[in-house]
Amino acid sequence: RFVMNYTIKQVSEMTGLSISTIRYYDKEGLLPDLQRKESGYRIFSNQDLKAIDLIECFKESGLTIREIRHFMSLVKQGDVTLAERLAIFQTHIARLEEKLAAVQNALEHSRRTLAFYEIAAKAGSEEAAEEIYLARYGEADE
């Protein structure tokens, strides 16, 4: 398999992350297989790019640096940790589904409230909008 190596500047450009963020990930032990040149410069592989993508996904979904570091250490330990990594992802997916449901609920509530205010702005008052809104949507929303 062909392996590409990238500089930290290239990785920053490819991922949209700042160089200081990438250095922070390395310092925090989130990139356990990261290689260095004799000069000390970091050399990033395709695997490191995949790891950064996973780290960003985990961060976006609310995992802490500590939780991400633990997961990455399990990856480094190899196949003996597959069951634990599976369990982590099952919990992770369940948390994300809960968050998604909460966001969808908030979005629907916001859409109903927006509809009410659109009617109120057109009608000139909230009181006048109440009747129109109830006739149209069947429930009052504050």
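This is a predicted model: local features need pLDDT of at least 70, side-chain atom pairs count only at pLDDT 80 or more; totals for chains, interfaces and linings use all residues.
Q: Which residues line the second largest pocket?
A: Asn5, Tyr6, Thr7, Ile8, Lys9, Arg23, Lys37, Tyr41, Arg42 and Ile43 line it. Each counts as lining because it has an atom within 4 Å of a pocket point, on a 1 Å grid over the protein atoms alone. A pocket is an open set of points where a 1.4 Å probe fits, with protein on both sides within 12 Å along at least five of seven lines. Helix H1 (8–15) and strand E2 (42–43) each give two or more residues to this lining. Its space is about 190 Å³, counted as that filled by probe spheres on points joined across faces, edges and corners.

Q: By class, what does the lining of the second largest pocket have?
A: Four nonpolar, two polar and four charged residues. Ala, Val, Leu, Ile, Met, Phe, Trp, Tyr, Cys and Pro count as nonpolar, Asp, Glu, Lys and Arg as charged, the others, Gly among them, as polar.

Q: What is the volume of the largest pocket?
A: About 330 Å³. Of its 14 lining residues, Asp33, Gln47, Ala51, Met72 and Val75 are closest to the centre. Helices H3 (46–60) and H4 (65–77) each give two or more residues. H3 has the largest share, five residues. The lining divides into seven nonpolar, three polar and four charged.

Q: At what angle do H1 and helix H2 pack?
A: H1 and H2 (residues 19–27) meet at about 110°, with axes 9 Å apart. That makes H1 roughly perpendicular to H2, as the label covers 65 to 115 degrees. Angles run from 0 to 180 degrees between N-to-C directions of lines fitted to C-alpha atoms over the stretch in contact. Ile8, Lys9, Val11, Ser12 and Thr15 of H1 touch Ile19, Ile22 and Arg23 of H2, with heavy atoms within 4.5 Å.

Q: How many helices and strands are there?
A: Six helices and two strands, as DSSP runs (helices H or I, at least four residues; strands E, at least two), numbered from the N terminus. The radius of gyration is 24 Å, well over the 14 Å of the globule rule for 142 residues, so the protein is more spread out than a compact globule. The rule is 2.2 Å times the number of residues to the power 0.38, and the radius is taken over C-alpha atoms.

Key. Residues are numbered from 1 along each chain as its sequence is written. Side-chain values use heavy atoms; hydrogens and water are left out. Angles under 35 degrees count as roughly parallel, over 145 as roughly antiparallel, 65 to 115 as roughly perpendicular and the rest as oblique.
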